[in-house]
Amino acid sequence: YQWWEGLSTRPPGLTWGYIPLLQIITLGTAAQRIAFFETKGNIITGYVGSAIAVMVGIHVAGGISGPSTPSPSPYSFAGAHMNPAFSLAMCLTEQFPWWKFPIFVVVQILASFISAGAVYILYYGMGEQYWAREPHDAIWHYSNGTLTVSGPRETASIFATYPADNVSLANGFLDQVIGTGVLLVGVLGLMDTRNKPVPKGLEPVAVALLVLSIECSMGANCGCPLNPARDIGPRLFTYVAGWGPEVFRWVEERGGSGWWWVPLVAPLLGAAMGTYLYQLFVAFHYPEEDKDILAEQSSIVLVNTSIDADIVISPKEKDTGKTAPAGYPPPPDTSSTVSPTVPVTTLKES
């Protein structure tokens with residue numbers, strides 16, 4: 001318990017309560033749109049809802065789950081570890097220890113699994129076994145009690161991402177690599193204090209707008225997950241909640257299988273690509289600070305050499321124990337040609 005307590009409270013903290021907040025909003029917008037026949041929402045509300053969820057998640061937990069930045073570090077903005085792709089980028093830039101990476105990924109997937117369960121209860125209820133008569137809850141009513149991955153009344157896409165009908169496996173993989181790469185390039189640019197930072201406190205808003213722009217421009221192919229935990233956690237939940245093994249297969253009319261690993265692997269590859277591209281084309285070109293000068297400046301010690309008026313000796317004599325000679329300090333010269341009315345510039349003013 002002491003080891004876990006130290007792990008969970010030492011920055012960045014291993015707290016996962018904010019991840020269900022993010023995923024419940026994200027999955028909830030999809031459930032409201034699909035289960036109500038798109039009369040209670042559309043694709044735009046889904047994009048806006050997920051972007052705002054990212055903003056809220058960073059505001060809630062950015063202070064305790066941000067990158068573990070060693071000192072000195074060029075990255076000051078503390079994001080939140082809601083995405084294994086972001087955690088991987090922080091490890092690659094040495095802002096986060098590698099030994100914590102698998103722990104955070106497991107917690108992120110578990111939190112997304114729980115989030116999917118919360119949305120399932122909210123929009124499906126207890127299913128046919130609980131509701132012996134009308135009315136039925138939204139997902140049950142929309143799907144007529146049949147949970148499917150494909151077809152006109154499919155509901156699996158509420159929880160996990162699936163490609164559009166005209167998207168191939170290779171195109172979907174490339175879509176996720178590019179989308180996550182763009183996301184990480186933008187996030188690193190926002191975090192880099194050597195770059196053009198946004199005003200203090202508005203970083204979550206900027207990240208949310210970045211996510212919204214990526215969803216609006218790249219969300220048509222396969223739902224724009226950009227987050228392995230956001231996809232695999234809810235997909236595992238649908239597997240055990242009634243959708244069955246079809247959630248891990250390719251859509252039947254296309255033949256083959258294997259889509260499930262694309263949103264799991266491609267975002268990690270895209271995160272690594274985006275991180276190294278930013279380091280190569282941006283961070284690499286910043287001038288290096290002179291470490292010797294910084295070390296010398298940090299070793300400067302200011303000593304007060306003013307006269308101790310109470311005992312009329314200097315601090316040096318006070319430290320050595322010697323007595324001040326007669327006539328020390330010398331009295332002011334009354335024959336000075338300087339007029340006493342001449343204003344004197346004080347140290348504070350200068």
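Both Arg 235 and Asp 231 are buried, where buried stands for under 20% relative accessible area, exposed for over 50% and partly exposed for anything in between (1.4 Å probe, protein chains only). Their side chains meet in a salt bridge, N to O at 2.9 Å; the term covers a side-chain nitrogen of Lys or Arg within 4 Å of a carboxyl oxygen of Asp or Glu. Arg 235 and Asp 231 sit four residues apart in helix H9, so about one helical turn separates them. Helices (H or I, at least four residues) and strands (E, at least two) are DSSP runs, numbered from the N terminus. The model is a predicted one, with local features needing pLDDT of at least 70 and side-chain atom pairs counting only at pLDDT 80 or more, while totals for chains, interfaces and linings use all residues. Residues are numbered from 1 along each chain as its sequence is written, and side-chain values use heavy atoms, leaving out hydrogens and water.

By this rule, the salt bridges come to three. One of them joins Arg 194 to Asp 192, with the closest N and O atoms 3.0 Å apart. Here Asp 192 counts as buried because its relative accessibility is 0%, whereas Arg 194, at 37%, is partly exposed. Another salt bridge pairs the side chains of Glu 38 and Arg 33, at 3.7 Å from N to O. Glu 38 is exposed, with a relative accessible area of 53%, but Arg 33 has 18% and so is buried.

Back to H9 and its packing. Helix H5 (residues 101-124) packs against helix H9 (residues 228-243) at an angle of about 50°, and their axes are 7 Å apart. Axes are lines fitted to C-alpha atoms, for helices over the stretch in contact, and angles run from 0 to 180 degrees between N-to-C directions. That angle makes H5 oblique to H9, since under 35 degrees counts as roughly parallel, over 145 as roughly antiparallel, 65 to 115 as roughly perpendicular and the rest as oblique. On the H5 side, the contact (heavy atoms within 4.5 Å) includes Gln 108, Ser 112, Phe 113 and Tyr 120, and on the H9 side it includes Arg 230, Gly 233, Phe 237 and Trp 243. By class, the residues of this contact between H5 and H9 split into twelve nonpolar, four polar and one charged. Ala, Val, Leu, Ile, Met, Phe, Trp, Tyr, Cys and Pro count as nonpolar, Asp, Glu, Lys and Arg as charged, and the others, Gly among them, as polar.

Over to helix H4 (residues 84-92), which holds Ser 87. Ser 87 is buried, with a relative accessible area of 0%. Neighbours within four places in sequence aside, Ser 87 touches His 81, Phe 96, Phe 101 and Gln 108. The axes of H4 and helix H10 (residues 262-281) come within 9 Å and cross at roughly 40°. Among the residues making that contact are Leu 88 and Leu 92 of H4, along with Leu 268 and Tyr 276 of H10. The contact of H4 with H10 has ten nonpolar residues, one polar and no charged ones.

Finally, there is Cys 224, in the loop between helix H8 (203-218) and H9. Its relative accessibility is 6%, so Cys 224 counts as buried. Setting aside neighbours within four places in sequence, Cys 224 is in contact with Gln 176, Ile 214, Glu 215, Met 218 and Gly 219. Cys 224 and Pro 263 are 39 residues apart in sequence, yet 8.8 Å apart in space, C-alpha to C-alpha.
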